[in-house]
Amino acid sequence: MIFLKLFLIFTKIGTFNFGGGYAMLSLIHNEVVVKNQWLTNAEFTDIVAISQSTPGPIGINAATYVGYTSVLHDGYPVWAAVLGAVLASLSIMWLPFIIMIAISHYLLKHKDSPLVSNIFAGLRPAIIGLIAAAAVLLMSKENFGSPEDNPWTFALNVGIFIAAFALTKWRKTNPILVMLVAGAIGLIIY
């Protein structure tokens, strides 16, 4: 039953998602953490971190890890979890791939038409909203700590976040350098 649910959920997410992997994260979280409770918030946060660190699109990577972990948590053996990972990964891609093949000729032919331009203009705010929802979703106790549990750790984490944001946004510092410095600070302090 979990395999059918994985197939249906990730087909739906892949088909109705616009804006790429980050926009997908809040949809995946809603399905696997909130509705089906296959994963905890902490596990989902770990999956997002791993998905960002591994090569490939973040949405497909997240689907792979969610498929594997959810099947394993459901009591199946490792070989079935691997099957769940493959199923979730393919489910998130198959229908959007077919749809894009089917409409690509039309889009290329009519890319300058007002109708197509207006459709994409209407999608932009929705995409920004989905990406913002993913950002808010990741601003959780699992990532920042809690001011009630440990105010010092919470303040330090928020400070690192603000410094990293400011350095990349306004000072145009190389993001790789910012990640290395933030990682070194985390390694020293924690």
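Contact here means heavy atoms within 4.5 Å. The model in these exercises is predicted.

**Exercise 1. Find which residues Gly145 contacts, leaving aside its neighbours within four places in sequence.**

Solution. 
Step 1. Locate the residue. Gly145 sits in the loop between helix 7 (141-144) and helix 8 (151-169).
Step 2. Apply the contact rule. Beyond its neighbours within four places, Gly145 is in contact with Ser140, Phe154 and Asn157.
Step 3. Classify its exposure. The relative accessible area of Gly145 is 25%. Buried means under 20% and exposed means over 50%, with partly exposed in between. Gly145 is therefore partly exposed.
Step 4. Met100 is 45 residues from Gly145 along the chain, and their C-alpha atoms are separated by 41 Å.

**Exercise 2. Describe the secondary structure and the overall dimensions of the protein chain.**

Solution. 
Step 1. Count the elements. The protein chain has nine helices and zero strands.
Step 2. Read them in order. From the N terminus on, the elements run α-α-α-α-α-α-α-α-α.
Step 3. Take the dimensions. The C-alpha trace spans about 55 × 45 × 25 Å along its principal axes.
Step 4. Turn to burial. Of the 190 residues in the protein chain, 30% are buried.
Step 5. Look at contacts along the chain. Among contacts with a separation of 6 or more, 55% join residues 24 or more positions apart.
Step 6. The chain has 10 positive and 8 negative charges, and their mean positions are 17 Å apart.

**Exercise 3. Decide whether Ser91 is buried or exposed, and trace what it touches.**

Solution. 
Step 1. Locate it. Ser91 belongs to helix 5 (residues 78-109).
Step 2. Use the cut-off. Ser91 has 1% relative accessibility, so it counts as buried.
Step 3. List its partners. Not counting residues up to four places away in sequence, Ser91 touches Leu6, Phe7, Phe10 and Thr11.
Step 4. Follow one partner. Phe10 touches Ser91 in turn, and also Ile28, Val32, Ala63, Val66, Ala88 and Ile92, with residues up to four places away again not counted.

**Exercise 4. Find the aromatic pairs and describe two of them.**

Solution. 
Step 1. Count. The chain has three aromatic pairs.
Step 2. Take one pair. Phe3 and Tyr76 are edge-to-face, at 5.4 Å centre to centre with 70° between the planes.
Step 3. Place its members. Phe3 is in helix 1, while Tyr76 is in the loop between helix 4 and helix 5. They are 73 residues apart, and the pair links distant parts of the chain.
Step 4. Phe3 has a relative accessible area of 21%, so it is partly exposed. Tyr76 is at 30%, so it is partly exposed too.
Step 5. Take another pair. Phe165 and Trp170 are edge-to-face, at 5.6 Å centre to centre with 85° between the planes.
Step 6. Phe165 counts as partly exposed at 41% relative accessibility, whereas Trp170 is exposed at 62%.

**Exercise 5. State where Gln37 and Lys172 lie, and give their phi values.**

Solution. 
Step 1. Begin with Gln37. It lies in the loop between helix 2 and helix 3.
Step 2. For Gln37 phi is near 55°, a positive value in a residue other than glycine.
Step 3. Judge its exposure. Gln37 is at 64% relative accessibility, so it counts as exposed.
Step 4. Move to Lys172. Its place is the loop between helix 8 and helix 9 (175-189).
Step 5. For Lys172 phi is near 55°, a positive value in a residue other than glycine.
Step 6. Judge its exposure. Lys172 has a relative accessible area of 62%, so it is exposed.

Technical notes:
Residues numbered from 1 in each chain as written. Predicted model: local features only at pLDDT ≥ 70, side-chain atom pairs only at ≥ 80, totals over all residues. Heavy atoms only, no water. Helix = DSSP H or I, 4+ residues; strand = E, 2+ residues; numbered from the N terminus. Buried < 20%, exposed > 50% of the residue type's maximum accessible area, 1.4 Å probe, protein only. Lys, Arg positive; Asp, Glu negative; His and termini not counted. Charge placed at Lys NZ, Arg CZ, Asp CG, Glu CD. Phe/Tyr/Trp six-rings, centres within 6.5 Å; stacked < 30°, edge-to-face > 60°.
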